[in-house]
Amino acid sequence: MARKGLLLVNLGTPDAPETGPVRRYLREFLSDPRVVDINPVGRWFLLNFIILPFRSPKSAHAYRTVWTEQGSPLMVHSKALTAAVTERLSGEYEVELAMRYGNPSLPDAVARLRARGVTDFTVLPLYPQEAPSSSGSSLARTYEVLSGPWDVPNVRAVPAFHSHPAFLDAFTEVARPVISGMRAEHVLFSFHGVPERHIRKSDPTGKHCLASQGCCDVLTDANRHCYRAQCFATARGLASRLGLEPQGWSVSFQSRLGRTPWVKPYTDVVLPELAARGVKRLAVMCPAFVADCLETVEEVAIRGREQFLASGGEDLKLVPSLNSHPAWVDTVVQLVRESEAATSSPAAAAAREAPGRVG
C-alpha cells in the first residue's frame with residue numbers, strides 16, 4: 001500500500017514584520033508570472049523600481065499592526081489547522097503545511113513527506129475559489145516540485161470548494177453569532193480582488209465574462225472557472241444559509257494593486273457608499289480567506305472600520321475566518337476523503353488505465 005501524504009497549501013507570509021523579510025516575500029510573490037502577468041522585462045522593472053522600494057516599508061508597517069508573539073495571523077491559524085487535521089487523519093495521512101511563497105516552502109514540505117515514505121500525495125490549496133494567481137500558481141509549483149525526482153508520485157488535487165455545502169455550513173456557523181450579536185443591518189462579502197484581465201483569460205468563449213452586469217449570476221460553461229463568478233456563488237450560498245434578504249447583503253473586492261482595472265465593485269469604495277445609504281451596523285465576511293491574515297485583520301477590521309466610521313457608520317465587525325474552527329477541520333477532512341474516493345473508484349481507475357493498455 002502506498003503511504004499517503006496531505007499537503008495543505010496557503011499563499012504565504014513574511015518571516016518577520018520588517019522591511020527586509022517583507023521585501024523578500026514580495027519579491028518571490030510578485031515575480032510569479034501567474035500573479036503579475038505582463039512581459040518579463042516590464043515585470044522586473046515594475047517590481048524593482050516601483051513596488052519593492054515603496055510597498056515594502058508600508059507593508060512591513062501593516063504587518064506590525066497584526067503580528068503576534070507566535071507570528072503572523074495566517075501562520076498561527078494555518079499551523080493550528082494543520083495540527084487539528086493531523087490529529088483527525090492520524091493513521092491515514094502524513095500531513096504537512098506549505099506556503100506557495102515564503103516558509104514553510106513547498107520543496108521543504110514535500111521533502112519531509114518523502115522522508116516519511118509518502119508516495120501518494122493529496123494537495124489541498126486552501127483557497128475556496130480558484131484563480132490562476134492563487135490555486136493555479138500553488139498547484140503548478142507543487143506539480144513542478146513533485147515531478148523533480150526520477151519517479152513521479154501519484155498526486156491528486158482537491159478542487160475549489162466555493163460552493164461545497166460543508167464549507168458554506170462551516171462559515172455560516174462562524175458568522176451567525178457575530179451577525180446576530182451586533183444586530184447587523186447589512187452583510188458585505190468582501191473577496192480578494194484580481195485584475196479584470198485574469199477574469200477574461202478564464203472565459204473560453206471570450207464573450208461572457210464582464211460582458212454584462214449579470215454575467216456572474218449563474219455558473220455556466222463560460223464562467224465555470226471564473227474567480228469572480230465563483231465568489232458570487234459563495235456569497236449567494238452564504239446569504240441563503242444566513243437568511244439574508246436580497247437588499248441586506250452585497251459583494252465587493254479588496255486588495256487591488258496598481259492602476260490597471262481590477263474586478264469591481266471595490267471594497268474601499270463600497271464602505272462609504274453603505275454608510276451614506278444609512279447603514280449603521282455592518283458585518284463584513286471575507287470568504288476568499290480560510291484563515292485570518294493581513295487582508296482581513298488590517299485591511300478590513302482596522303482600516304476598513306476606520307473608513308466606515310469616518311463616513312458616518314456606527315459599527316463594523318469583521319466576521320472571523322474559519323481558522324481552525326472544528327467545523328472547518330471537519331470540512332477539510334471531508335474534502336480530502338471525498339477527493340480520494342473520487343479518484344479511487346473503479347470507474348476512475350479504469351479511466352486512468354484505458355489509454356495505457358496494450359494489445
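Student: What should I know before I start looking?
Tutor: The model is predicted, so local features need pLDDT of at least 70 and side-chain atom pairs count only at pLDDT 80 or more, while totals for chains, interfaces and linings use all residues. Residues are numbered from 1 along each chain as its sequence is written, and side-chain values use heavy atoms, with hydrogens and water left out.

Student: How many disulfides are there in the whole structure?
Tutor: A search of the whole structure finds 0 disulfides, a disulfide being a pair of cysteine sulfur atoms within 2.5 Å. Cys226 is in none, and its nearest cysteine sulfur, that of Cys209, is 4.0 Å away.

Student: Is Cys231 buried or exposed?
Tutor: Cys231 is buried, with a relative accessible area of 0%, where buried means under 20%, exposed over 50% and partly exposed in between, using a 1.4 Å probe and protein chains only. Cys226 also counts as buried, at 1% relative accessibility.

Student: Switching to strands, which way do S3 and S4 pair?
Tutor: Strand S3 (residues 118–125) and strand S4 (residues 154–157) pair in the parallel sense over 4 bridges; pairing requires that DSSP finds at least two bridges between the strands. Helices (H or I, at least four residues) and strands (E, at least two) are DSSP runs, numbered from the N terminus. Val123 stands opposite Ala157 in S4.

Student: What does the chain cross through from S3 to S4?
Tutor: The chain goes through helix H5 (residues 132–146), and this β-α-β crossover is right-handed, meaning that, with the strands pointing away from the viewer, the path from the first strand over the helix to the second runs clockwise.

Student: What about S7 and S8, parallel or antiparallel?
Tutor: Strand S7 (residues 281–285) and strand S8 (residues 315–318) are parallel, with 4 bridges, and the partner of Val284 in S8 is Leu318. With helix H10 (residues 294–310), S7 and S8 make a right-handed β-α-β unit.

Student: Where is Pro265?
Tutor: Pro265 is in the loop between strand S6 (249–254) and helix H9 (267–276), and at 32% relative accessibility it counts as partly exposed. Pro265 and Ser252 are 13 residues apart in sequence, and their C-alpha atoms are 5.0 Å apart in space.
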